[in-house]
Amino acid sequence: MLHVVFLCFLTPIYAEDSDFVIEDGVLVKYTGSGGDIVIPEGVIGIKDAPLVYEYSSERYEEQAVFYNKGITSVKFPSTLEHIGAYAFKNNAITEVVFPEGLKKLEDGVFENNRLEKVSFPSTIEFIGENAFNNNRLTEVTLPDSITEIENAAFMNNKIKKVSLPSNLK
């Protein structure tokens, strides 16, 4: 009789190019040089930066995955459900297309970028405080799935047209 034993260890999984550190489906670190990035399939979340009450950019830089990394574009995996606080703050991203299945965008997630266009999935439920603050958005259309948008989520943009569902909190 042949017995097969599989051993599972909670060790980081590295993408082929070793730019991403992924633990239990959560992207926790990026070591690449910026530019255009493609986040690997299988990633379900991007790590939250710890809650910080003071606005100290040094603390964000140490703890937010893509903070100030020179990212110009990002392609998300179809498996993504959550993007943590300040994950892409201070980059040069101009357009974002979120995958179906994404439910939550935390505080400051795309703050201080160059976003001109954002496409939300029909599954998005929550957008955190300052999530898209200080970008170049001119139009925002939110699907019926959204139930909560926190303060200043779209502050300091060039918004001329907004479409909101009736079920917002």
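Tutor: With a definition: a salt bridge is a side-chain nitrogen of Lys or Arg within 4 Å of a carboxyl oxygen of Asp or Glu. The model is predicted, and the structure holds two salt bridges.

Student: Why is the pair of Lys 89 and Glu 111 called a salt bridge?

Tutor: The N to O distance between their side chains is 3.8 Å. The cut-off is 4 Å, so the pair qualifies. Lys 89 lies in the loop between β7 (82-83) and β8 (95-97), and Glu 111 in the loop between β9 (104-105) and β10, so the bridge ties together parts 22 residues apart in sequence.

Student: What makes Lys 89 and Glu 111 buried or exposed?

Tutor: Buried means under 20% relative accessible area. Lys 89 has 8%, so Lys 89 is buried. Glu 111 has 10%, so Glu 111 is buried as well.

Student: How do you know that Glu 106 forms a salt bridge with Lys 104?

Tutor: Their closest N and O atoms are 3.5 Å apart. That is within 4 Å, so the label applies.

Student: Which class of accessibility does each of these residues, Glu 106 and Lys 104, fall into?

Tutor: Glu 106 has 14% relative accessibility, under the 20% limit, so Glu 106 counts as buried. Lys 104 has 34%, which lies between 20% and 50%, so Lys 104 is partly exposed.

Student: Where does the charged end of Lys 104 sit?

Tutor: Over the ring of Phe 126, 5.2 Å from the ring centre.

Student: Why are Phe 120 and Phe 132 called an edge-to-face pair?

Tutor: The centres are 5.7 Å apart, within 6.5 Å, so the rings pair; the planes are at 85°, over 60, so the pair is edge-to-face. Phe 120 is in the loop between β10 (117-119) and β11 (126-127), and Phe 132 in the loop between β11 and β12 (139-141), 12 residues apart. Both Phe 120 and Phe 132 are buried.

Student: What other contacts does Phe 132 have?

Tutor: Leaving aside neighbours within four places in sequence, Phe 132 is in contact with residues including Phe 98, Leu 105, Phe 110 and Met 155. Phe 132 is also one of the residues with the most contacts inside the largest nonpolar core, which has 37 residues. Among the elements giving two or more residues to this core are β2 (20-23) and β3 (26-30).

How values were computed
Residues are numbered from 1 along each chain as its sequence is written. This is a predicted model: local features need pLDDT of at least 70, side-chain atom pairs count only at pLDDT 80 or more; totals for chains, interfaces and linings use all residues. Side-chain values use heavy atoms; hydrogens and water are left out. A nonpolar core is a set of buried Ala, Val, Leu, Ile, Met, Phe, Trp, Tyr and Cys residues joined through side-chain atoms within 4.5 Å. Buried means under 20% relative accessible area, exposed over 50%, partly exposed in between (1.4 Å probe, protein chains only). Helices (H or I, at least four residues) and strands (E, at least two) are DSSP runs, numbered from the N terminus. Contact means heavy atoms within 4.5 Å. Rings of Phe, Tyr and Trp (its six-membered ring) pair if their centres lie within 6.5 Å; planes under 30 degrees apart count as stacked, over 60 as edge-to-face and the rest as tilted. A charge sits over a ring if NZ of Lys or CZ of Arg is within 6 Å of the ring centre and within 35 degrees of the ring normal.
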